[in-house]
Amino acid sequence: MSNQFTRRRILFVVSAPSGAGKTTLVEALRKSPNFYYSVSCTTRAPRAGEIDGKDYQFLSDADFRARIEGGDFLEHAEVHGTLYGTLREPVLANLKNGLDILIDIDTQGAATIRTSDDPIIRRALADVFIMPPNLEELRGRLTKRGTETAQQIESRLATAAREMELWRDYRYTIVSGSVEEDLEKVRHIMAAESYLSRRLKPK
Ligand code: 5GP
(Lines give C-alpha, C1' and ligand atoms only; values in the text may rest on other atoms or scores of the structure.)
Protein backbone atom coordinates (compact mmCIF):
# COMPACT_ATOMS: atom_id res chain seq x y z
CA MET A 1 0.00 0.00 0.00
CA SER A 2 2.74 2.43 0.93
CA ASN A 3 4.16 2.34 -2.58
CA GLN A 4 0.77 2.62 -4.29
CA PHE A 5 -0.08 5.96 -2.76
CA THR A 6 1.41 9.26 -1.80
CA ARG A 7 -0.19 11.36 0.91
CA ARG A 8 -1.28 14.95 0.48
CA ARG A 9 0.19 17.15 3.19
CA ILE A 10 -1.76 18.60 6.10
CA LEU A 11 -2.05 22.18 7.23
CA PHE A 12 -2.65 22.01 10.98
CA VAL A 13 -4.12 25.21 12.39
CA VAL A 14 -4.11 25.38 16.18
CA SER A 15 -5.93 28.16 18.03
CA ALA A 16 -5.91 28.61 21.77
CA PRO A 17 -6.78 31.64 23.86
CA SER A 18 -3.69 33.26 25.47
CA GLY A 19 -2.24 31.31 28.33
CA ALA A 20 -3.91 27.99 27.44
CA GLY A 21 -0.47 26.40 27.58
CA LYS A 22 -0.12 26.60 23.83
CA THR A 23 3.48 27.83 23.69
CA THR A 24 4.77 24.70 25.45
CA LEU A 25 2.54 22.54 23.29
CA VAL A 26 3.73 24.16 20.08
CA GLU A 27 7.38 23.93 21.19
CA ALA A 28 6.97 20.16 21.61
CA LEU A 29 5.16 19.73 18.28
CA ARG A 30 7.82 21.73 16.46
CA LYS A 31 10.35 19.02 17.22
CA SER A 32 8.46 16.41 15.16
CA PRO A 33 10.32 15.42 11.99
CA ASN A 34 8.99 16.25 8.50
CA PHE A 35 7.10 19.12 9.95
CA TYR A 36 7.31 22.81 9.19
CA TYR A 37 6.31 25.39 11.78
CA SER A 38 5.08 28.61 10.21
CA VAL A 39 6.73 31.55 11.95
CA SER A 40 4.23 34.41 12.07
CA CYS A 41 4.98 38.08 11.55
CA THR A 42 3.96 40.51 14.28
CA THR A 43 4.25 44.16 15.19
CA ARG A 44 4.37 43.38 18.92
CA ALA A 45 7.64 43.83 20.81
CA PRO A 46 9.59 40.63 21.56
CA ARG A 47 9.10 39.18 25.06
CA ALA A 48 12.19 38.33 27.05
CA GLY A 49 13.83 35.29 25.48
CA GLU A 50 11.93 35.48 22.18
CA ILE A 51 14.12 35.19 19.11
CA ASP A 52 13.48 37.04 15.85
CA GLY A 53 12.90 34.52 13.05
CA LYS A 54 12.23 31.65 15.46
CA ASP A 55 9.32 32.79 17.62
CA TYR A 56 8.10 35.52 15.33
CA GLN A 57 9.37 37.70 12.57
CA PHE A 58 9.18 41.05 14.38
CA LEU A 59 8.21 43.82 11.95
CA SER A 60 7.59 47.53 12.23
CA ASP A 61 4.05 48.71 11.64
CA ALA A 62 5.10 50.22 8.28
CA ASP A 63 6.79 47.00 7.12
CA PHE A 64 3.78 44.93 8.15
CA ARG A 65 1.38 47.22 6.29
CA ALA A 66 3.58 47.15 3.18
CA ARG A 67 3.39 43.36 3.23
CA ILE A 68 -0.41 43.50 3.53
CA GLU A 69 -0.44 45.79 0.50
CA GLY A 70 1.86 43.42 -1.35
CA GLY A 71 -0.58 40.51 -0.75
CA ASP A 72 2.13 38.56 1.10
CA PHE A 73 -0.17 37.22 3.83
CA LEU A 74 -2.28 34.08 3.70
CA GLU A 75 -4.13 35.66 6.62
CA HIS A 76 -3.56 38.51 8.99
CA ALA A 77 -5.48 39.92 11.93
CA GLU A 78 -5.33 42.46 14.71
CA VAL A 79 -5.15 40.78 18.12
CA HIS A 80 -4.94 42.86 21.34
CA GLY A 81 -4.12 45.97 19.26
CA THR A 82 -1.18 44.24 17.55
CA LEU A 83 -0.91 42.96 13.98
CA TYR A 84 -0.17 39.28 13.37
CA GLY A 85 0.06 37.47 10.05
CA THR A 86 1.04 34.25 8.28
CA LEU A 87 3.13 34.56 5.13
CA ARG A 88 1.60 32.73 2.17
CA GLU A 89 4.71 31.71 0.27
CA PRO A 90 6.45 29.47 2.86
CA VAL A 91 3.17 27.66 3.59
CA LEU A 92 2.51 26.83 -0.07
CA ALA A 93 6.17 25.99 -0.78
CA ASN A 94 6.40 23.58 2.15
CA LEU A 95 3.09 21.87 1.37
CA LYS A 96 4.43 21.33 -2.15
CA ASN A 97 7.73 20.05 -0.76
CA GLY A 98 5.94 17.30 1.15
CA LEU A 99 5.95 18.72 4.68
CA ASP A 100 3.01 18.92 7.05
CA ILE A 101 2.63 22.41 8.47
CA LEU A 102 1.68 23.77 11.86
CA ILE A 103 0.36 27.28 12.31
CA ASP A 104 -0.61 28.77 15.61
CA ILE A 105 -3.10 31.59 15.00
CA ASP A 106 -6.13 33.23 16.55
CA THR A 107 -9.77 32.50 15.67
CA GLN A 108 -9.93 35.32 13.07
CA GLY A 109 -6.93 33.89 11.22
CA ALA A 110 -8.40 30.39 11.34
CA ALA A 111 -11.68 31.72 9.88
CA THR A 112 -9.76 33.37 7.01
CA ILE A 113 -7.94 30.14 6.20
CA ARG A 114 -11.15 28.11 6.35
CA THR A 115 -12.66 30.35 3.68
CA SER A 116 -9.49 30.63 1.59
CA ASP A 117 -10.13 30.80 -2.15
CA ASP A 118 -7.16 28.47 -2.69
CA PRO A 119 -8.46 24.86 -2.89
CA ILE A 120 -5.02 23.50 -1.95
CA ILE A 121 -5.21 25.37 1.35
CA ARG A 122 -8.81 24.35 2.08
CA ARG A 123 -8.13 20.71 1.29
CA ALA A 124 -4.98 20.60 3.41
CA LEU A 125 -6.62 22.19 6.46
CA ALA A 126 -7.18 20.41 9.78
CA ASP A 127 -8.13 22.91 12.50
CA VAL A 128 -7.92 22.35 16.22
CA PHE A 129 -9.24 24.51 19.06
CA ILE A 130 -7.65 24.21 22.48
CA MET A 131 -10.35 25.12 24.98
CA PRO A 132 -9.00 26.45 28.27
CA PRO A 133 -10.68 24.91 31.34
CA ASN A 134 -12.25 28.23 32.38
CA LEU A 135 -11.51 31.95 32.58
CA GLU A 136 -10.39 31.90 36.21
CA GLU A 137 -7.82 29.22 35.50
CA LEU A 138 -6.69 31.24 32.48
CA ARG A 139 -6.36 34.36 34.63
CA GLY A 140 -4.22 32.37 37.06
CA ARG A 141 -1.96 31.08 34.28
CA LEU A 142 -1.52 34.53 32.73
CA THR A 143 -0.78 36.13 36.10
CA LYS A 144 1.77 33.42 36.84
CA ARG A 145 3.46 33.92 33.45
CA GLY A 146 3.96 37.56 34.44
CA THR A 147 4.71 38.87 30.93
CA GLU A 148 1.66 41.18 30.74
CA THR A 149 0.42 44.11 32.80
CA ALA A 150 -2.87 43.78 34.72
CA GLN A 151 -4.59 45.78 31.98
CA GLN A 152 -3.13 43.57 29.25
CA ILE A 153 -4.27 40.50 31.16
CA GLU A 154 -7.84 41.85 31.28
CA SER A 155 -7.75 42.56 27.54
CA ARG A 156 -6.45 39.01 26.85
CA LEU A 157 -9.17 37.52 29.07
CA ALA A 158 -11.87 39.49 27.23
CA THR A 159 -10.49 38.20 23.90
CA ALA A 160 -10.29 34.67 25.31
CA ALA A 161 -13.96 34.81 26.38
CA ARG A 162 -14.94 35.82 22.82
CA GLU A 163 -12.70 33.16 21.26
CA MET A 164 -14.07 30.42 23.51
CA GLU A 165 -17.48 30.92 21.85
CA LEU A 166 -16.02 29.79 18.51
CA TRP A 167 -14.97 26.23 19.26
CA ARG A 168 -17.77 24.78 17.11
CA ASP A 169 -16.20 26.27 13.98
CA TYR A 170 -13.19 23.94 14.36
CA ARG A 171 -13.02 20.32 13.19
CA TYR A 172 -11.49 19.33 16.56
CA THR A 173 -11.75 20.72 20.08
CA ILE A 174 -9.46 19.66 22.90
CA VAL A 175 -10.53 20.62 26.39
CA SER A 176 -7.19 21.61 27.84
CA GLY A 177 -5.71 19.54 30.65
CA SER A 178 -2.02 19.21 31.34
CA VAL A 179 0.40 20.03 28.52
CA GLU A 180 1.23 16.30 28.25
CA GLU A 181 -2.44 15.38 27.89
CA ASP A 182 -3.03 18.09 25.29
CA LEU A 183 0.06 17.00 23.39
CA GLU A 184 -1.07 13.39 23.29
CA LYS A 185 -4.49 14.42 22.02
CA VAL A 186 -3.02 16.62 19.29
CA ARG A 187 -0.78 13.74 18.24
CA HIS A 188 -3.83 11.44 17.97
CA ILE A 189 -5.56 14.01 15.78
CA MET A 190 -2.47 14.29 13.61
CA ALA A 191 -2.28 10.54 13.17
CA ALA A 192 -6.00 10.20 12.33
CA GLU A 193 -5.81 13.07 9.83
CA SER A 194 -2.92 11.37 8.06
CA TYR A 195 -5.09 8.26 7.47
CA LEU A 196 -8.00 10.13 5.86
CA SER A 197 -8.80 8.43 2.56
CA ARG A 198 -9.13 11.76 0.84
CA ARG A 199 -5.53 12.59 1.63
CA LEU A 200 -4.25 9.61 -0.35
CA LYS A 201 -3.31 10.01 -3.96
CA PRO A 202 -2.66 6.96 -6.16
CA LYS A 203 0.83 7.19 -7.65
P1 5GP B 1 1.10 36.19 21.59
O2 5GP B 1 1.27 37.68 21.48
O3 5GP B 1 0.69 35.76 22.95
O4 5GP B 1 2.30 35.45 21.06
O5 5GP B 1 -0.10 35.79 20.62
C6 5GP B 1 -1.33 36.41 20.76
C7 5GP B 1 -2.35 35.80 19.85
O8 5GP B 1 -1.99 36.02 18.48
C9 5GP B 1 -2.48 34.28 19.98
O10 5GP B 1 -3.88 33.97 20.00
C11 5GP B 1 -1.85 33.75 18.72
O12 5GP B 1 -2.41 32.51 18.31
C13 5GP B 1 -2.18 34.84 17.74
N14 5GP B 1 -1.30 34.80 16.57
C15 5GP B 1 0.03 34.54 16.53
N16 5GP B 1 0.46 34.57 15.27
C17 5GP B 1 -0.62 34.82 14.49
C18 5GP B 1 -0.80 34.96 13.07
O19 5GP B 1 0.10 34.84 12.25
N20 5GP B 1 -2.07 35.25 12.65
C21 5GP B 1 -3.11 35.39 13.51
N22 5GP B 1 -4.31 35.64 12.99
N23 5GP B 1 -2.98 35.26 14.85
C24 5GP B 1 -1.75 34.98 15.32
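Is Lys 54 buried, partly exposed or exposed? In this predicted model, Lys 54 counts as partly exposed, with a relative accessibility of 34%. Its salt-bridge partner is Glu 27, and the closest N and O atoms of the two residues are 3.7 Å apart. Glu 27 belongs to helix H1 (residues 22–30), whereas Lys 54 sits in the loop between S4 and S5, so this pair ties together parts of the chain that are 27 residues apart in sequence. Glu 27 is likewise partly exposed, at a relative accessible area of 30%.

S6 and strand S7 (residues 82–87) run antiparallel and are joined by six bridges. In one of the pairs, Val 79 has Thr 82 of S7 as its bridge partner.

The salt bridge between Glu 27 and Lys 54 belongs to a total of 16 found in a search of the whole structure. Side chains of opposite charge can pair when their charged atoms come close. A second example joins Glu 148 to Arg 47, with an N to O distance of 3.1 Å. This pair links distant parts of the chain, 101 residues apart: Glu 148 is in the loop between helix H6 (135–145) and helix H7 (150–164), and Arg 47 is in the loop between S4 and S5. Glu 148 is buried, at 12% relative accessible area, because the threshold for that class is under 20%.

Arg 141 is partly exposed at 23% relative accessibility, and Glu 137 is partly exposed at 36%. Elsewhere, salt bridges with shared partners join Arg 44, Arg 47, Glu 50, Arg 145, Glu 148 and Arg 156 into one network.

The nonpolar interior comes next. In soluble globular proteins, nonpolar side chains tend to be buried together. The largest nonpolar core here has 20 residues, of which Phe 12, Leu 29, Leu 102, Ile 130 and Val 186 touch the most other members. Two or more residues of this core come from each of strand S2 (11–15), H1, strand S3 (35–37), strand S9 (125–131) and helix H8 (179–194). Beyond its neighbours within four places in sequence, Leu 29 is in contact with Phe 35, Leu 102, Leu 183, Val 186, Arg 187 and Met 190. Another core, of 17 residues, lies apart from the largest one and includes Leu 11, Ile 101, Ile 103 and Ile 105.

Helix H8 also contains Ser 194, which is buried at 18% relative accessibility. A polar atom of the Ser 194 side chain lies 2.6 Å from the backbone oxygen of Ala 191. When residues up to four places away in sequence are not counted, Ser 194 touches Arg 7 and Ile 10.

Methods: Residues numbered from 1 in each chain as written. Predicted model: local features only at pLDDT ≥ 70, side-chain atom pairs only at ≥ 80, totals over all residues. Heavy atoms only, no water. Pairing = 2+ DSSP bridges. Helix = DSSP H or I, 4+ residues; strand = E, 2+ residues; numbered from the N terminus. Salt bridge = Lys/Arg side-chain N within 4 Å of Asp/Glu carboxyl O. Buried < 20%, exposed > 50% of the residue type's maximum accessible area, 1.4 Å probe, protein only. Core = buried A, V, L, I, M, F, W, Y, C linked by side-chain atoms within 4.5 Å. Contact = heavy atoms within 4.5 Å. Polar contact = N/O pair within 3.5 Å; in protein donor to acceptor, adjacent residues only side chain to side chain.
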